[in-house]
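Here are a few exercises to work through with the model open beside you. Try each task before reading its solution.

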Amino acid sequence: MTPICSVLIASRNRPESLKAAIDSFLDTAEEPGRVEIIVRVHDDDPGTLDWARSRPSRIRVVIGDTDRGYESASDFINCIAAVSKGDWLWGASDDGRVHTQGWDRILEDRLPDPRTACQLLKSSFPMSQLCIFTRGFYWALGHFGLTEHGDTYAGSLARVAGIEETVDIDYRHLDLPSVCQRDRKNTWAQFRSEEVARCFNVD
């Protein structure tokens, strides 16, 4: 049976938090057997690789190199999105936790055919960071994101297209210290540059 949702997590150096993140998805789902979990792991991260060797077999893992680190976050998510099978795609993180029981049923009841419909969901809960979109929207885009802030990228496109909706699913980040050091001022300056304006020009 087709998974209701594919949960996509790119993780690095946080195996304990990663396990808790996965548990929060499965423990709150009404049908955990129809939740597909796919994790992207770095080949130079021994702690997470140890977790991967002993993980439950139902959790899918893709192992790859570090590439350009945080700047390659979109590549990491895109590669696991490409092998996903769910009707919905959820760009999650290893420090995120689901706080809504039956979230998978909420998604299943949302649309008659998410594989043809284009819709992106944001949470109705304050401070909840959520980015879930239909298989149809993923196929229309051809990727999950083109920047390290994939949720902002996809959300901006969906807002302009009038297909962004809210949903009563509460998902929150723990705001753990970043495993990658990044100059955020320069990051946003990059997004405003002429070079990437063709893929991130939403103002």
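Angles under 35 degrees count as roughly parallel, over 145 as roughly antiparallel, 65 to 115 as roughly perpendicular and the rest as oblique. The model is predicted: local features need pLDDT of at least 70, side-chain atom pairs count only at pLDDT 80 or more, and totals for chains, interfaces and linings use all residues. Residues are numbered from 1 along each chain as its sequence is written, and side-chain values use heavy atoms, with hydrogens and water left out.

**Exercise 1.** Classify the packing of helix 1 and helix 2 from their angle.

*Solution.* Start with the terms: helices (H or I, at least four residues) and strands (E, at least two) are DSSP runs, numbered from the N terminus. Axes are lines fitted to C-alpha atoms, for helices over the stretch in contact, and angles run from 0 to 180 degrees between N-to-C directions.

Next, take the geometry: helix 1 and helix 2 (residues 46-54) pack at about 40 degrees, and their axes are 9 Å apart. The two helices are therefore oblique to each other.

Now find the contact (heavy atoms within 4.5 Å). Helix 1 brings Pro15, Leu18, Lys19 and Ile22, while helix 2 brings Gly47, Thr48 and Trp51.

**Exercise 2.** Is helix 3 largely enclosed or open?

*Solution.* Count buried residues (under 20% relative accessible area; exposed is over 50%, partly exposed in between; 1.4 Å probe, protein chains only). In helix 3 (residues 73-81), 7 of the 9 residues are buried, so the helix is largely enclosed by the rest of the structure. Among the buried residues are Phe76, Ile77 and Asn78. Their cover includes strand 1, strand 2, strand 3, strand 4 and helix 5 (135-141).
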